[in-house]
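Here is a short briefing for a first look. Start with the sequence and structure below.

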Amino acid sequence: MNWADPSPEREATGGQPLLETDDLVAGYLPEVDILNGVSVKVREGEIVTIVGPNGAGKSTFIKTVFGLLRPRKGSIMLQGESIAGRRPHDITRLGMSYVPQLDNVFPTLTVSENLEMGSLDRSTTKAQIDRMCELFPRLGERRSQAAGTMSGGERQMVAMARALMPNPKVLLLDEPSAGLAPAFVDAIFEKTEEVNREGVTIVMVEQNARRALAMSDRGYVLDLGQDRFEGPGRDLLDDPKVAELYLGGTARIDAAEADDSEANGPEEGPTRQDSSTV
Ligand SMILES: Nc1ncnc2c1ncn2[C@@H]1O[C@H](COP(=O)(O)OP(=O)(O)OP(=O)(O)O)[C@@H](O)[C@H]1O
Ligand SMILES: [Mg+2]
């Protein structure tokens with residue numbers, strides 16, 4: 001299957017990031033900032049996961065990047081072009097798609113109609129729907145079913161397929177596995193990896209933090225509207241402080257205690273952006 005141009009070298013990091021935010025500040029109510037300076041870099045071909053406690057601002061970050069919320073400060077660059085203040089429709093045309101955390105399908109429309117809604121180019125709609133039904137065979141069997149009558153996992157597949165219809169370079173996923181039965185959690189993560197292997201860069205927010213970080217090239221911990229830690233997914237999982245504060249503790253508590261007495265973390269480990277975590 002040929003989606004976006006696959007990145008020839010996954011490890012190639014010399015060029016500019018595909019997506020980059022710098023010191024992003026945003027909020028819903030006047031004078032109440034929810035994001036307090038979020039700087040995130042996403043390279044082509046990566047899976048980057050953002051984890052953090054409830055209310056940390058993860059969804060707000062994704063919404064701001066996708067143009068649903070106008071940043072008050074800071075920059076958002078997609079392929080070197082500033083997209084801060086651009087509308088979601090324009091951002092989709094520039095190659096970034098978004099799957100919201102909630103209400104991400106049109107319930108009264110069929111699977112095919114939902115996918116059609118995601119298309120930007122009518123001349124390729126039919127072929128793209130066929131591709132999506134190949135990627136998600138379950139949708140292929142249910143093209144005429146109303147999305148609202150499907151299970152949570154199936155709806156999540158419809159939402160993801162719809163977001164993939166325009167062949168995005170970057171896919172933003174907000175809690176793709178939330179509330180799903182275990183079999184669907186596996187299916188959604190596997191599909192996410194498959195889509196990534198085909199060349200789509202993934203930025204994902206996940207409650208299922210351990211699982212998501214384990215499959216991620218890099219991750220960020222967002223807390224109180226700031227990026228507090230960043231590093232390779234595996235390093236974040238192994239970082240005792242991150243585990244203790246954000247991943248519900250681990251078997252590495254002994255290491256966490258040892259780390260508490262040291263000023264700096266391991267050289268190769270995640271970068272501590274700010275030690276004043278909750
Ligand atoms: N539409 C809105 N209007 C006003 N405040 C909002 C709105 N949406 C979110 N907030 C507030 O912004 C803060 C961050 O919410 P956000 O949804 O970004 O958190 P989150 O990290 O995604 O949390 P969760 O893990 O529960 O999904 C919360 O205090 C929330 O109450
Ligand atoms: Mg959220």
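How close do the axes of helix α3 and helix α6 come, and at what angle do they cross? They come within 7 Å and cross at roughly 35 degrees. This is a predicted model: local features need pLDDT of at least 70, side-chain atom pairs count only at pLDDT 80 or more, and totals for chains, interfaces and linings use all residues. Residues are numbered from 1 along each chain as its sequence is written.

**Helix α3 against helix α6**
- α3 covers residues 111-118 and α6 covers residues 152-164; helices are DSSP runs (H or I, at least four residues), numbered from the N terminus.
- Axes are lines fitted to C-alpha atoms over the stretch in contact, with angles from 0 to 180 degrees between N-to-C directions.
- α3 contributes Val-111, Asn-114, Leu-115, Met-117 and Gly-118 to the contact; α6 contributes Val-158, Ala-161, Arg-162 and Ala-163.
- Contact means C-beta atoms, placed from the backbone, within 7 Å.

**Helix α6 itself**
- 11 of the 13 residues of α6 are buried (20 or more other C-beta atoms within 10 Å of a residue's own, C-beta atoms being placed from the backbone).
- The buried residues pack against β6, α3, α4, α5, β7 and α7.
- At 1.5 Å a residue, α6 should span 18 Å, and its end C-alpha atoms are 18 Å apart, which agrees (the expected span is 1.5 Å times one less than the number of residues).

**The sheet**
- An open sheet of 4 strands runs β2-β1-β4-β5, with antiparallel pairing; strands are DSSP runs (E, at least two residues), and a pair needs at least two bridges found by DSSP.
- The edge strands are β2 (35-42) and β5 (81-82).
- β1 and β4 are joined by 5 bridges, and Glu-20 stands opposite Met-77 in β4.

Technical notes: Chains lettered and ligands numbered in written order. Contact = placed C-beta atoms within 7 Å. Buried ≥ 20, exposed ≤ 12 C-beta atoms within 10 Å, placed from the backbone.
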